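Student: I would like to go through this structure with you. Please give me the grounds for each label.

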Amino acid sequence: EGFPFPRTLPKKYFEEISANIIKFGIHGLIIIGGFEAFTGCLELVEGRARFEELCIPLCIIPATVSNNVPGSDFSIGADTALNTITNTCDLIKQSAAGTKRRVFIIETMGGFCGYLATMAGMAAGADAAYIYEEPFSSRDLQANVDHLIEKMKTTVKRGLVLRNECCNENYTTDFIYNLYSEEGKGVFDCRKNVLGHMQQGGSPTPFDRNFGTKMGAKAVAWITGKIRECSRHGRIFANTADSACLLGMRKRSLVFQPISELRQQTDFEHRIPKEQWWLRLRPILKILAKYNIELDTSETAHLEHLTRKVLVPEATL
């Protein structure tokens, strides 16, 4: 579900959609997709007031490599893309054989969502991962370059820098590549790589296959139940908030959430949830890249499994 290729949303086609629902005798809809599926489903719910045909149970199963759907910690496809990016980063790092010191600047997908860049950065041992959700300035870029130069002067031979495609309009992949190339002169040389649509293919990981199976089974069970619940004299009429749900993974459980409730949790302009669980893992990136920072394990770091105000040893992270 690549950003900037908008899908056709249902709003303009309510008449045709309603006609088709009648024509094919559709009793419920399971919509599998990413942010567009979410927006489209919201529009269908709004259309219920004017078109009675849209008053059927609706269920969204989040499926997009970007992992940017509100109401779910994971989307089908994100794990596979993450594996692909991590494997590619490993291969790219290994490609620089010999004694030459080299830094790779790699651009990942995800629209405005930094999930892929952050998690692949942690897995592949990135020296920096630039994302939209954590604004950065030229001074931050400079500090990262300086840190990498110091590291490269020791025994380190490879550097890896990840950049989410929409992290910053002006600090482009080329800009960052040029900066690192110039500043690293005499210490390391640079290569850049835009992963592009390579991240979308590939065979799904076991996690994604099993996740998809579970989601599909749960969605069908839910929607058949709703159809039964909403049937009156052979006609289906579903107009309540809980008859249009998104099936999402929250912590470790699969839950149905009325999509009307998810609207407030969404940044529609950037097509991301306002709060994202993986942002709390970002400090660990810095530690793995050997920055001297304190890891805040106190209540203010809102680690959700802590209930009492106790300082936790690092091991519980």
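**Labels and their grounds**

Tutor: The accessible surface of the chain comes to about 16200 Å². Carbon and sulfur atoms hold 55% of that surface. Such areas come from the Shrake-Rupley method with a 1.4 Å probe, and for residues only the protein chains shown count as cover. This is a predicted model: local features need pLDDT of at least 70, side-chain atom pairs count only at pLDDT 80 or more, and totals for chains, interfaces and linings use all residues. Residues are numbered from 1 along each chain as its sequence is written, and side-chain values use heavy atoms, with hydrogens and water left out.

Student: How many helices and strands does the chain have?

Tutor: Nine helices and twelve strands. Helices (H or I, at least four residues) and strands (E, at least two) are DSSP runs, numbered from the N terminus.

Student: What share of the 317 residues is buried?

Tutor: Buried residues make up 49% of them. Buried means under 20% relative accessible area, exposed means over 50%, and partly exposed lies in between (1.4 Å probe, protein chains only).

Student: Why is Leu246 called buried?

Tutor: Its relative accessibility is 0%. The limit is under 20%, so Leu246 counts as buried. Leu246 lies in strand E9, residues 244-250.

Student: Which residues does Leu246 contact, leaving aside neighbours within four places in sequence?

Tutor: Contact means heavy atoms within 4.5 Å. The partners of Leu246 include Phe38, Ile60, Pro62, Val69 and Phe256. Phe256 is ten residues from Leu246 along the chain, and their C-alpha atoms are separated by 5.5 Å. Across the chain, among contacts with a separation of 6 or more, 73% join residues 24 or more positions apart.

Student: What makes E5 largely enclosed by the rest of the structure?

Tutor: Seven of its seven residues are buried, so E5 is largely enclosed. Both faces are covered. Arg158, Leu160, Leu162 and Asn164 are buried on one side, and Gly159, Val161 and Arg163 on the other.

Student: How do you know that E3 is mostly covered?

Tutor: Strand E3 spans residues 102-108, and seven of its seven residues are buried. One side carries Arg102, Phe104, Ile106 and Thr108; the other carries Val103, Ile105 and Glu107.

Student: Why are E3 and E5 called paired?

Tutor: Two strands pair if DSSP finds at least two bridges between them. Seven bridges join E3 to E5 (residues 158-164), so the pair meets the rule. These two strands run parallel. Arg102 stands opposite Arg158 in E5.

Student: What makes helix H4 mostly covered?

Tutor: H4 spans residues 115-124, and eight of its ten residues are buried. Among them are Tyr115, Leu116 and Met119. The cover includes helix H3 (78-95), E3, E4, E5 and H9.

Student: What makes the phi of His233 and Arg271 worth a look?

Tutor: Most residues other than glycine have a negative phi. His233 has a positive phi of about 50 degrees, and phi of Arg271 is near 55 degrees. His233 is in the loop between E7 (231-232) and E8 (235-236). Arg271 is in the loop between E11 (266-267) and E12 (272-273).

Student: Are these two residues buried or exposed?

Tutor: His233 is at 83%, over the 50% limit, so it is exposed. Arg271 is at 14%, under the 20% limit, so Arg271 is buried.

Student: What is meant by the second largest pocket, and how much space lies in it?

Tutor: About 290 Å³ of space lies there. On a 1 Å grid over the protein atoms alone, a pocket is an open set of points where a 1.4 Å probe fits, with protein on both sides within 12 Å along at least five of seven lines. Grid points are joined across faces, edges and corners, and a volume is the space filled by probe spheres set on the points.

Student: Which residues line the second largest pocket?

Tutor: Lining residues have an atom within 4 Å of a point. There are 17, and the closest to the centre are Ala129, Glu134, Asn144, Arg282 and Lys286. H9 gives the largest share, four residues.
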